[in-house]
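I opened my notebook to look up a few places in this structure, one at a time. Come along and check each entry against the view below.

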Amino acid sequence: MALCYQLPVLPLDRPVPKHVLSRRGAISFSSSSSLFGAPDPRQLSQRRGAISYDSSDQTALYIRMLGACVIFKQLFSRDVRVRSQVGFEPERRGSHPYLGVDFRTLHSRAESAGTIPARRIRRLFSFQRHLLSSRLLRGAPQLNPLHILDEDYCGQAKCMLEKVGSWNFDIFLFDRLTNGNSLVFLTFNLLNQYGLIELFQLDMVKLRRFLVLVQEDYHNQNPYHNAVHAADVTQAMHCYLKEPKLAESLTSFDILLGLLAAATHDLDHPGVNQPFLIKTNHYLAALYRNTSVLENHHWRSAVGLLRETELFSNLPAEDSLSIERQLGSLILATDISRQNEYLSRFRTHLDENDLSLGNASHRHFVLQMALKCADICNPCRPWELSKQWSEKVTEEFFHQGDIEKKHKLEISPLCDSEANTIASVQIGFMTYVVEPLFAEWARFSDTRLSQTMLGHLGLNKASWSAMEPEASGSSEEGESETGRATEEPSSRVLSQGSQES
């Protein structure tokens, strides 16, 4: 078995050759050239970072330092001197001075020097144990070529996967049972359950490597936008794909796109929203011209991993490019600044009753709406799950507000912990963003699941209202003020931020 990287390796701030710029995507790099072409799968987690570029840009732009190796993660996170020695700069020169903030450690807790987070050690040991013990990677004959879980996970986690289609699926418990690897195991299981691995003849090693790299590219120090959120969205997408209208009409290609888009829709999210990147002159905002900045970055990062792992190398080149394009179309649809555009179009189709799922473009549009629903479905989950997500997303938002206060920046809407509460944020978000979207989805797919989601939404809203008596008062002025503060900004909490020019 030979694992090799086909993407070029370039130093930072060096002009990219024209033949490279003609290929839109991402360039991987490493601090050790010995990693490239290394056959040892244990070295797969030692990827150091990547460069994103656009065909119209003549300079490679630094995106992120993955820090997947424990030792380098410690050094890069805490020692600027070491970063400068190896030639990696945390931010592009010319950026706003406040961008000295290291997004990789933005939400991390303070740790004593020389210590390694126990969760990080367990996760790496888990992958290492899997890679060492898997019969596939040892080259031994496979009794079951689609073996999903090693012996360590054959207990409660495997039982949970048997009910992965339940709307009450507890992703937090599943993440604990899989030792922090919920995204890898859940996505792998779903791809196998739909028969996509066999149908598209996906290489098992490449697929697992792709999923591991996707999970590692999520910043798990983010309270909300992390790999667990991606796994939760993927599970919700699976529930929607099983709805009668979709199950009868979607092709295997559609299902593959839907699951991949759900798993990668927030890839490499920095834990701050788009307005923050724009007002601090972040180079991602400049690269994508202040338009769907985070969504474009998530898409390009996903394409970079697809090309790096050569997951679809067995498919014709045209099919691979089609997957990349349509994957981008799905991920870009999660931009909440275009919420009204998609919702109006969806409502018009339903009013005119002209949605034909036999039409490929209509099926793709329904997939976009399904992903949008999955991305913000937390308020429609049972209270025990919904409350946890609400607390996490508000923690992340308030943390951004604290940073903006610290650096005397204008505080983004809903990021001020002194002016907002979890209850007020959630009530406004449910009223102006979630309810309109899921009401239309229920018109499209009037099933038990849709009614269950709307039922949970009503109960959860009532629970938050009970905690925030003023929010349910009769003052029209207070209600309109909440609406103005929540109609757009609250949606940024869950979907990376709206456009602010």
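Entry one, Arg289. I looked up this residue in a predicted model, and found Arg289 in the loop between α15 (283–287) and α16 (293–309). Is Arg289 buried or exposed? I noted a relative accessible area of 65% for Arg289, and because exposed means over 50%, Arg289 counts as exposed.

Entry two, Asn290. I stayed in the loop between α15 and α16, where Asn290 lies as well. Asn290 is not a glycine, yet I read a positive phi of about 60° for it. With a relative accessible area of 27%, Asn290 is partly exposed.

The relative accessible area of His265 is 0%, so I wrote it down as buried. What does the side chain of His265 reach at 2.8 Å? I found the backbone oxygen of Ala262. I also noted a polar contact of 3.0 Å between the side chains of His265 and Asp375.

Pro379 has 1% relative accessibility and counts as buried. Leaving aside neighbours within four places in sequence, I listed the contacts of Pro379, among them Ser386, Gln426, Phe429, Met430 and His456. I then checked Lys461, which is 82 residues from Pro379 along the chain, and read 8.0 Å between their C-alpha atoms.

I counted 24 residues in α20, which covers residues 383–406. From its first C-alpha to its last, α20 reaches 34 Å, close to the 34 Å expected at 1.5 Å a residue. Lys408 follows α20, and I noted that its phi is positive, near 60°.

Entry six, aromatic rings. How many aromatic pairs are there? The count comes to 10. I picked out Tyr224 and Trp389, which form an edge-to-face pair with 5.5 Å centre to centre and 80° between the planes. Tyr224 lies in the loop between α10 (204–217) and α11 (227–241) while Trp389 is in helix α20, so this pair ties together parts that are 165 residues apart in sequence. I found both Tyr224 and Trp389 buried. I also marked one aromatic cluster formed by Trp167, Tyr240, Phe346, Phe365, Trp441 and Phe444.

I found the charged end of Arg381 over the ring of Trp167, 4.0 Å from its centre. The charged end of Arg300 sits over the ring of Trp299, 4.8 Å from its centre.

Which residues have the most contacts inside the largest nonpolar core? In this core of 100 residues, I noted Tyr240, Phe438 and Trp441. Leaving aside neighbours within four places in sequence, Tyr240 is in contact with residues including Trp167, Leu246, Cys373, Phe438, Trp441 and Met453.

Definitions and conventions:
Residues numbered from 1 in each chain as written. Predicted model: local features only at pLDDT ≥ 70, side-chain atom pairs only at ≥ 80, totals over all residues. Heavy atoms only, no water. Helix = DSSP H or I, 4+ residues; strand = E, 2+ residues; numbered from the N terminus. Expected span 1.5 Å × (residues − 1). Buried < 20%, exposed > 50% of the residue type's maximum accessible area, 1.4 Å probe, protein only. Polar contact = N/O pair within 3.5 Å; in protein donor to acceptor, adjacent residues only side chain to side chain. Phe/Tyr/Trp six-rings, centres within 6.5 Å; stacked < 30°, edge-to-face > 60°. Lys NZ or Arg CZ within 6 Å of the ring centre and 35° of its normal. Core = buried A, V, L, I, M, F, W, Y, C linked by side-chain atoms within 4.5 Å. Contact = heavy atoms within 4.5 Å.
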